[in-house]
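Trainee: I would like to go through some labels used for this model and see what backs each of them.
Mentor: Fine. Ask about them in turn.

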Amino acid sequence: PKTLLPRIVPTSQNYGTTAPYSFFGSRVPICSMVGDQQAALFGQLCLEKGMAKNTYGTGGFLLMNTGDEIVRSDNGLLSTIAWQIGDDVTYALEGSLFVSGSVMKWMRDELQLFEEVSETEEMARRAKTTGGVYIIPAFVGLGAPYWDDKAKASIVGLSLGTNRDQLVRAAIESMAYQSRDVLNAMERDAGLKIPELKVDGGAAVNDFLLQFQSDLCQVPIERFKVNELTALGAAFLAGLAIGFWQIDDLKIEKDREFIPVRTSEVMDKHYKDWKKAVKATQAFKADMF
């Protein structure tokens with residue numbers, strides 16, 4: 001029978017080759033077809049149920065491997081196929097943040113608080129605290145787990161003593177707070193505790209961010225020497241398809257691990273204030289003029 005939809009095939013297989021006289025000059029086999037974030041999950045070698053990764057890019061993307069069964073979310077997340085190798089299908093839960101690292105671009109280009117994003121780690125450390133300031137970067141609404149397209153970005157808790165270092169620190173912390181929102185939703189949906197979080201993306205070079213994330217979520221954070229994990233994941237899947245690798249051969253070298261140094265009691269108080277700030281942001285609905 002005819003169908004309007006394409007045939008579903010495994011993520012890792014030989015689909016064919018490029019044209020013989022194309023840009024490459026010879027037939028090159030095409031052996032993996034995988035979504036951006038699913039590739040990053042595979043590139044991070046999150047191959048077992050409960051393993052999770054977080055990508056800090058322009059937006060933010062947190063995925064958890066849920067094994068061979070699809071988990072339907074009751075907490076605002078997406079259920080997706082992570083990959084299929086042979087007849088074996090692996091599923092995942094996904095939470096997308098509309099604005100993550102791009103909040104730093106806004107601070108640089110529009111507020112002109114710094115010239116290079118590389119300066120922000122030192123600025124955040126110099127601030128010591130945010131002074132009670134929280135930034136909700138809902139420039140295009142709020143993504144998972146809120147899904148509020150009417151929300152507007154806000155800065156709450158300002159005082160006459162608030163300085164640029166504190167604003168930068170609050171912006172960096174906003175990436176971590178949003179990630180905890182998604183991580184908490186994932187743990188409720190999956191009914192398990194994430195043992196560690198693997199990270200990649202442009203903002204993952206920021207040690208302050210990753211230490212704060214570890215403290216906030218009370219989990220170890222693992223960063224690798226290769227930061228382009230999406231490309232690596234696609235390469236891994238292609239290599240498996242042609243027998244270049246076996247699954248047990250896949251390895252990535254760890255760059256650094258961040259472990260919690262502040263107590264959950266302290267960080268939960270900060271997170272409680274973050275939730276208040278989100279609620280206040282969602283309550284404000286302004287008309288556009």
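Trainee: At what angle do the axes of helix 2 and helix 4 cross, and within what distance do they come?
Mentor: The model is a predicted one. In it, the axes of helix 2 (residues 102-109) and helix 4 (residues 164-190) cross at roughly 160° and come within 9 Å.

Trainee: What makes helix 2 roughly antiparallel to helix 4?
Mentor: Angles over 145 degrees count as roughly antiparallel. The crossing is at roughly 160°, so helix 2 is roughly antiparallel to helix 4. The crossing itself is right-handed.

Trainee: Which residues meet there?
Mentor: From helix 2, Val103, Met104 and Met107; from helix 4, Leu167, Val168, Ala171, Ile172, Ser174 and Met175. By class, this contact has eight nonpolar residues, one polar and no charged ones.

Trainee: Why are helix 3 and helix 4 called roughly perpendicular?
Mentor: Helix 3 (residues 120-127) packs with helix 4 at an angle of about 110°, and their axes are 8 Å apart. The range for roughly perpendicular is 65 to 115 degrees, and therefore the two helices get that label. Helix 3 passes helix 4 in a left-handed crossing.

Trainee: What makes up the contact of helix 3 with helix 4?
Mentor: Helix 3 contributes Thr120, Met123, Ala124, Arg125, Arg126 and Ala127, while helix 4 contributes Arg164, Asp165, Gln166, Val168, Arg169 and Ile172. By class, five residues are nonpolar, two polar and five charged.

Trainee: How many cavities of 30 Å³ or more does a search of the whole structure find?
Mentor: One. The largest cavity has a volume of about 70 Å³, and a cavity is a space where a 1.4 Å probe fits but cannot get out.

Trainee: Which residues line the largest cavity?
Mentor: Among them are Leu97, Phe98, Val99, Tyr146, Gln178, Asp181 and Trp274. The lining has eight nonpolar, three polar and one charged residues by class.

Trainee: What makes the peptide bond from alanine 144 to proline 145 cis?
Mentor: Its omega is near 0°. Proline 145 lies in the loop between strand 7 (134-136) and strand 8 (154-156). Most peptide bonds are trans.

Trainee: What is the phi of tryptophan 147, and where is tryptophan 147 found?
Mentor: Tryptophan 147 has a positive phi of about 50°, although it is not a glycine. Most residues other than glycine have a negative phi. Tryptophan 147 is in the loop between strand 7 and strand 8.

Technical notes
Residues are numbered from 1 along each chain as its sequence is written. This is a predicted model: local features need pLDDT of at least 70, side-chain atom pairs count only at pLDDT 80 or more; totals for chains, interfaces and linings use all residues. Side-chain values use heavy atoms; hydrogens and water are left out. Axes are lines fitted to C-alpha atoms, for helices over the stretch in contact, and angles run from 0 to 180 degrees between N-to-C directions. Helices (H or I, at least four residues) and strands (E, at least two) are DSSP runs, numbered from the N terminus. Angles under 35 degrees count as roughly parallel, over 145 as roughly antiparallel, 65 to 115 as roughly perpendicular and the rest as oblique. A crossing is left-handed if the near helix is turned anticlockwise from the far one by less than a right angle, and right-handed if clockwise. Contact means heavy atoms within 4.5 Å. Ala, Val, Leu, Ile, Met, Phe, Trp, Tyr, Cys and Pro count as nonpolar, Asp, Glu, Lys and Arg as charged, and the others, Gly among them, as polar. On a 1 Å grid over the protein atoms alone, a cavity is a set of points where a 1.4 Å probe fits but cannot get out, and a pocket is an open set with protein on both sides within 12 Å along at least five of seven lines; lining residues have an atom within 4 Å of a point. Grid points are joined across faces, edges and corners, and a volume is the space filled by probe spheres set on the points.
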